[in-house]
Amino acid sequence: MDYFAERIKSIRKSDIRKIFDSAPSGSINLGLGEIQFPTPKIITGYAKEVIDKGNIPYTPNAGLIELRKKVADYYHTEFCDNVCITVGAEEALFTTLFCYLNPDDEVMLANPTFLAYKTIIEMVGGKPVYFDLDPDNNFKLIRNSFIKSITSRTKMIILNNPSNPLGICFDADETDFIIKICKEKNILILVDEVYRELFLEKRPKSFMEFDGDIIVVSSLSKSHCMTGWRLGWAVSPKKELIEPIINIHQFVCTCAPFISQKAAIKALSEEGVAEKEKIRKKLVSNRKSAVEFIEKNIPDAKILSNSSSPYLFINFCIDDILLTNDLLKEGLIVIPGSAFGSNGKNWIRISYAVEKNILIKGLEVIRNRLYREKL
Ligand SMILES: Cc1ncc(COP(=O)(O)O)c(C=O)c1O
C-alpha cells in the first residue's frame, strides 16, 4: 500500500538534518542556522500582555494593517498593500514559488546556496538550475556560468543576499548585471534577505530599492532571535506581484499567528530596533573572538572574508565531509560546505551565534582534530 503523492517521493531528508540526527547527545552545536540567544524581553513581555487580554483572533489574510505599515516603512515605501505577512520567510518562499512556477519551469540558483530552495522548487514541480560562484575568488559571480544557466524555460531566479552559507552579498556590479540580464530575459527575481540586519559594518541595500520584477522575502527569525514565532513577509515594489501571494497564503495558513504579529509590531518599534542592534553587536563580538582564535591556533585555515553574521565559511584544507564526520564523533556539529552545492567542497560553515564560551569550546575541538592530523 502506498498512499504517498508522487511529488513527495523524491524529497529526502536534507544533509543538514541527517547531520543533526546523527550527532551524539550533548554535542556542541555550531551547525544551526539559528541565533541561539533568547528573544528580547520587551518582545516576550509584550506578547504576554497580548495573551492576557484573551482575544486571539484571525487577522486579515495579508496581516494586521499596523504591521504591514511597519514593514512597508522598513523598506521606505508607503504602500502596505505591497506586503503579505507570512509564517516565516519559509512560508513566503513556498507560497511565492507555488504562485509563480508551472511544471518544469526552471529556477536559477547560486552554487552554493541555502538548501531549502532546491527542495521547495521541486515540491511545486519546478527545476533548479545552478550558476557558479567562484570558490577561488571569494565566491564572486561567474558571469559566463550565469548566462549559460538561462534557457527558454527560465522563469525565476532566487538570490540569497546576504548568503547562507557564505555571509557575502553581491556587489554593486554583480547586482546591476543580474538585474539587467533578468530584465532582458523576463526573469522574476526573488530575493531572500533574512540575514540583512545581521551586517557587520554596513546594512546592505535591499533589492526593494531596485526597479524590476522583484519580490523580497524576509523575517524576524534571525534579526530579533524570533525563529519560533514564525513571522516573516513577502514584499514587492509592484503590488500586482504580491496579490496572488496573499490569495494563496490565505489557503495555506489563513494568516500568520496573531500573537506573533503583535510581537512583530513591537520588534519593529524603536525599542525593538534597539534590541536588534544589541543582538547584531553581540554577534560581531563573537565573530571577532572566533576569528582571533582561528588565526592564532589554526593559521593554515582560510576564512572567507564576508560582511554578515552569523556564519564563518572556512577552508581547513581538508575534505569537508571527512572533517565534519570526525568532528561529529568528537561531539561538535558543523556543516560541510558541499551540503550547499559542489562549489562549497572543502569549506565548512560554522555558526558563531552561540554563547562565547561554547563557541570557543567548539573551535578547540576543531583545533585538536586538525593538530592530531598533522602529528
Ligand atoms: C537563507 C534562509 N532563508 C530562510 C530561512 C528560514 O527563515 P524563517 O525562520 O523566517 O522561515 C533560513 C533559516 O535558516 C535561511 O537560512
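Domain bounds here come from an automatic or database domain assignment.

## Basis of the model

This is a predicted model, in which local features need pLDDT of at least 70 and side-chain atom pairs count only at pLDDT 80 or more, while totals for chains, interfaces and linings use all residues. Residues are numbered from 1 along each chain as its sequence is written.

## Overall form

The protein chain contains 12 helices and 14 strands. Helices (H or I, at least four residues) and strands (E, at least two) are DSSP runs, numbered from the N terminus.

The C-alpha trace spans about 65 × 55 × 55 Å along its principal axes. The radius of gyration of the protein chain is 21 Å, which agrees with the value near 21 Å for a compact globule of 375 residues. The radius is taken over C-alpha atoms, and the globule rule is 2.2 Å times the number of residues to the power 0.38.

## Burial

Of the 375 residues in the protein chain, 44% are buried. A residue is buried if 20 or more other C-beta atoms, placed from the backbone, lie within 10 Å of its own.

## Two domains

The protein chain is divided into domain 1 (6–39 + 272–374) and domain 2 (56–269). Their C-alpha centres lie 24 Å apart. The contact between them takes 36 residues from domain 1 and 36 residues from domain 2; two residues are in contact if their C-beta atoms, placed from the backbone, lie within 7 Å.

On the side of domain 1 that touches domain 2, helix H10 (270–297) and strand S11 (311–315) each supply at least two residues. H10 gives the most, with seven residues.

Conventions
A residue is buried if 20 or more other C-beta atoms lie within 10 Å of its own, exposed if 12 or fewer, and partly exposed in between; C-beta atoms are placed from the backbone.
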